[in-house]
Amino acid sequence: MMVRIEPVTRIEGHMAITLVIEKNKVKNLQVNIIESPRLFEKFMEGKPAEEAIRIAERICGICYVAHGLASVKAVENAWDISPPEAAIKLRRLLHAGGYIHSHMLHLAFLVLPDILCPGEGVVGLAKKYPQLCKKAIFIRKFGQEVTEAIGGRPIHPSSIVPGGMAKPLSAETRESLLKKGKEVLKTAIELVDFIFDLYEKHELLNMYPEDPTYYMGLVKNGFHETYDGKLHVMNPKGEIVGIFNGSRYVDYVAEDTLPYSFVKHPYLRINGEKYRVGTLARINLAEKFGIPITDNYLAKLRSIVGRPSHNVGAYNLARAVELIASIEKALELLEDDQILSSDIRVQVKPKAGVGVGIVEAPRGVLIHHYEVNDEGIIRKVNLIVATQQNIPSLEKELFQVANNLLSKGVELTRIEQKLETIVRAYDPCISCATHLVKLKIVKNKK
């Protein structure tokens, strides 16, 4: 018997899950990424490198800030450019805005319906918990206001340029964001406390599987990091087994293709193992955040899930901690007078080179790898996004959970709901994950 869950709901993009069941056992399970290939890696070829940022931002309507930052870092790496410190701080503030709106969207409107009103979705949540929804909208709106103030637009920012930033921040705008941000932080604390209480009182981690895997993410001097730093690899025991600069990622990460999906399956070249990225990986890898309120939540999280935590449901709790961190970091940056500097851009000169840009997107490690010729034209592009790095582990977890529930006689409808809940914990971004595997151009002979 074949069972197909299509579409998987409350995620970004189009995904299906196919199960082949024989004699009450799952013989095969596939995570089918059915989003059409986006072709970005191919049609970025032949474009001026400075245009790559604008193109990359349009890979996704949620992860646009992260794609823009990874792209500009790749171009700057290829051209040996170091932006001014004030520009880096503006980029970090922009990145925080992207995290705030993305994490709040996921926690409130994609995850909480599974917990508070199963089967009723966002509509049921809005009816039963209108004040919760209003708080979430207030927080998410602040994230987009930060993005607009720094990036020029709330979606697909226009101010990220090679050499720095194109748009300074005014003192008036800073004061406005600071004032609102302090209220947003209070509201976010209320909401995150509510989420932690839900998890503790109802033992929600039991809803999710444990999956001891390797983890990869950025760390800087032991601190949680989203913009800079070195990539660290942790084994299931919590031991760091690899530390490397982003430009060396090809020595550590390889990619495989499968016939049933448009998503490439990455694995660790050093041992062939699957690995996970994203909120759980970052929480496992970092010693601390270095900001007081967030570090208190990190301690609370670790008291519940330990370190390293392998529970898929801990992705949601880690996302809640990072929501607080993003607001707290945004306020810290806004209070820094250097952020008002007009020295936010250096002159650039195109040249031949190879550049790798890496940031932590909300869903995990994002890699942009460009080859540029001496005229500044892109010759080759490779993208490795967070969601595709998590898919191999997700597929294994769904297989194990489905078999376990079948053996207990759970009906298929409930199994399907359970599998979707596990998928949503990862907050997959399918548009980002779909790539062109091979393009073959056949010319008609006349």
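I began with a charge over a ring: lysine 73 lies over the face of tyrosine 227, 4.4 Å from the ring centre. I count a charge as over a ring if NZ of Lys or CZ of Arg is within 6 Å of the ring centre and within 35 degrees of the ring normal.

This is a predicted model, where local features need pLDDT of at least 70, side-chain atom pairs count only at pLDDT 80 or more, and totals for chains, interfaces and linings use all residues. Residues are numbered from 1 along each chain as its sequence is written, and side-chain values use heavy atoms, with hydrogens and water left out.

**Aromatic pairs**

I looked up ring pairs next. Rings of Phe, Tyr and Trp (its six-membered ring) pair if their centres lie within 6.5 Å; planes under 30 degrees apart are stacked, over 60 edge-to-face, and the rest tilted. The count comes to four aromatic pairs. Phenylalanine 40 and phenylalanine 43 have ring centres 4.8 Å apart and planes at 50 degrees, so this pair is tilted. The two sit three residues apart in helix 1 (residues 40-43), about one helical turn. Helices here are DSSP runs (H or I, at least four residues), numbered from the N terminus.

Phenylalanine 40 is buried at 10%. Phenylalanine 43 is partly exposed at 36%.

I then checked phenylalanine 244 and tyrosine 252. Their pair is stacked, with 3.8 Å from centre to centre and 5 degrees between the planes. Both residues are buried.

**Cavities**

I noted four cavities of 30 Å³ or more. A cavity is a set of points on a 1 Å grid, over the protein atoms alone, where a 1.4 Å probe fits but cannot get out; lining residues have an atom within 4 Å of a point. The largest cavity holds about 60 Å³ of space. Its lining includes Cys63, His67, Arg363, Cys429 and Cys432. I sorted the lining residues into seven nonpolar, two polar and one charged.

Leucine 105 is in helix 4 (residues 85-116). Leucine 105 is partly exposed, at 22% relative accessibility.

Conventions. 1 Å grid on protein atoms, 1.4 Å probe; cavity = no way out; pocket = protein on both sides within 12 Å on 5 of 7 lines; lining within 4 Å. Points joined across faces, edges and corners; volume = space filled by probe spheres on them. Nonpolar A, V, L, I, M, F, W, Y, C, P; charged D, E, K, R; others polar. Buried < 20%, exposed > 50% of the residue type's maximum accessible area, 1.4 Å probe, protein only.
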